[in-house]
Amino acid sequence: MVREGISVLLNAQPGITVVGEAANGREAVRAVAELSPDVVLMDVRMPEMNGLEATREIAAVSAARVLILTTYDLDEYVYQALRAGASGFLLKDSSARQLADGVRVVAAGEALLAPRVTRRLITEFARLPEAPGLAPAGGPAAGVPGAGPPRGDRAAAVGRHEALTERETEVLALIAQGLSNVEIAAALVVAESTVKTHVSRVLVKLGLRDRTQAVVHAYESGLVRPGGVS
């Protein structure tokens, strides 16, 4: 009933067409393969395959961007969903306009995480242990608060960072601290258009999907830790 209601709301919005629905994660993965949508609105708790596993599978094989729908803005599964490749999240009590705006933002390649939300998210994200059996490959060890990626993965991440210029590394660190492009421009005393160029280059060089994944990457690789750059 909730899923159908969301479909009706979104279909009524200009520029948005709902091309399919799925009752569980497994159906969602199949639907994405068949329909090639731009955006997937994903619940976390579903039968057969949960939203985290479905998000991970979709992110690995599709350009579709996953937007997580959750009941609580600090639901522990939100952090794992971001690790799995989600581009952001919305609360289930969002208005029709907020849902539509969220879909448009994510479809445009932006992350649906306001800077103030990013700051709060990342603080909690860094403290949160993985749920047993749900950690993605190379992620923190299950049940170990604050554990970073395995030594080999960290070395690989450092190698990828070496491809960044000093300025690009600065920009990545500031993104991870929750700063917007305008705030980064002010901090570095450059034009906002210059910051946008740096952000684009960082994403391309690191092979990341969007700004959200850049934040996750910066923390999991050890480039940034809560409180500042490591």
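Predicted model: local features only at pLDDT ≥ 70, side-chain atom pairs only at ≥ 80, totals over all residues.
Which residue caps the N-terminal end of H3?

View 1. The cap is provided by Asn50, which places a side-chain oxygen 3.0 Å from the backbone nitrogen of Leu52. Helix H3 itself takes in residues 51-61, and Leu52 is one of its buried residues.

**View 2. The buried and exposed faces of helix H3.** The residues of H3 that are buried are Gly51, Leu52, Ala54, Thr55, Ile58 and Ala59. These residues lie on the same side of H3, because the arc they cover around the axis is only 160 degrees. On the face turned away from this buried side, H3 carries the exposed residues Ala60 and Val61.

**View 3. Asp43 in the loop between S1 and H3.** The UniProt record, an unreviewed entry, gives Asp43 the annotation "modified residue: 4-aspartylphosphate". Asp43 counts as partly exposed because its relative accessibility is 25%, a value between the limits of under 20% for buried and over 50% for exposed.

**View 4. The largest pocket and the residues that line it.** This pocket has a volume of about 940 Å³, and its lining is made up of 34 residues, of which Val18, Gly20, Val39, Val40 and Leu41 lie nearest the centre. The elements that give two or more residues to the lining are helix H1 (2-11), helix H2 (25-35), strand S1 (39-42) and helix H5 (96-107), and H1 gives the most, with 5 residues.

Definitions and conventions. Residues numbered from 1 in each chain as written. Heavy atoms only, no water. 1 Å grid on protein atoms, 1.4 Å probe; cavity = no way out; pocket = protein on both sides within 12 Å on 5 of 7 lines; lining within 4 Å. Points joined across faces, edges and corners; volume = space filled by probe spheres on them. Helix = DSSP H or I, 4+ residues; strand = E, 2+ residues; numbered from the N terminus. Buried < 20%, exposed > 50% of the residue type's maximum accessible area, 1.4 Å probe, protein only. Arc of directions from axis to C-beta. Polar contact = N/O pair within 3.5 Å; in protein donor to acceptor, adjacent residues only side chain to side chain. UniProt positions renumbered as here; feature names shortened; annotations may be inferred.
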